[in-house]
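Here are some questions on charged side chains and how they pair. Work through them with the model in view.

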Amino acid sequence: MIRKLLPTLLFILPMFVCAQSNSDTLRKHVVRLSTLSDARNDKHVESLNKAADYIHHYFSQQSDRVFFQKYDLNHEIYKNIIASFGPDTGSRFILGAHYDVFGEAPGADANASGVAGLLEMARLLKKTEKDLHYRIDLVAYTLGESLYSDVSVMGSYMHALSLHENNVQLFGMINFDGIGFFTDKPKSQQYPFFPYRLMYGRTGNFISVIQETGNGLWARQMRSLFKQYATKLRVINFKPAVPFKGFAAGDQENYRTFAYPAILISDTKFYRNKNYHYDIDTYETLDYFRMGKVVDMVYKSIIRYKA
């Protein structure tokens, strides 16, 4: 009887098994990016390039469609790294994260965590690429922590502009910016508005999904999918009636400039993580288990998205 059922079970099993993130792999990426000899910023372009080469190399192991998007700024060349999965034509998803840091910080949470999430997403997408019905581009941005007053020097602006100029259609963009710091310590979570304390509590044990008004149906669908596929992970959705720069700032804003829907996935950065942008933002401080659950949530949501 078992022998007769075995072919059927082998056929059905893949329908119920979904690729899962690996906490050890996430940690490996964060360690590699956050322990370079010099901070990965515009004062140390060589270090930026080392990070870019690491990302490009790993992407290339997962996809045969990987390339640098380069641009010149003050006689230096800066690079976004893009990996594509799924069909070449039709609307697409963008998942992004910046790989540079603020000042001289090691930048484990800010934002090696987001880049590690992208790299792990690439590994997962490779396993299911043949079943994708639309294109997914993973983009690692340079100069996301740019101190320039002109946002047009940011890698995410350059990428969003290129999509706009080429009339590329997007379902939407998802930005990973600080996805690795979680704590169950009481009174560990701050907010830009006092009522949030009463609504969501003061324990920093959740991932936030932050968006602005005008994101449309796509954002509502993604919010529903995130809720459905969040496992062992607390998720809180924020849609501030009044935009607050520090809370919702990120590369996703440059896509909204060109009317693309965009969402920020974040641990709320310095509202929770007191190490954020400081030299104590090290790989030992992150929670790789819950970080993996964030990646799994987004991965399952995008591969099951139906336009």
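Q: Is Asp 42 buried, partly exposed or exposed?
A: Buried means under 20% relative accessible area, exposed over 50%, and partly exposed in between (1.4 Å probe, protein chains only). Asp 42 has a relative accessible area of 23%, so Asp 42 is partly exposed.

This is a predicted model: local features need pLDDT of at least 70, side-chain atom pairs count only at pLDDT 80 or more, and totals for chains, interfaces and linings use all residues. Residues are numbered from 1 along each chain as its sequence is written, and side-chain values use heavy atoms, with hydrogens and water left out.

Q: With which residue does Asp 42 form a salt bridge?
A: A salt bridge is a side-chain nitrogen of Lys or Arg within 4 Å of a carboxyl oxygen of Asp or Glu. Here the closest N and O atoms are 3.6 Å apart. The partner of Asp 42 is Lys 43.

Q: How many salt bridges does a search of the whole structure find?
A: Side chains of opposite charge can pair when their charged atoms come close. The pair Lys 130 and Asp 131 is a salt bridge, at 3.4 Å from N to O. The search of the whole structure finds 11.
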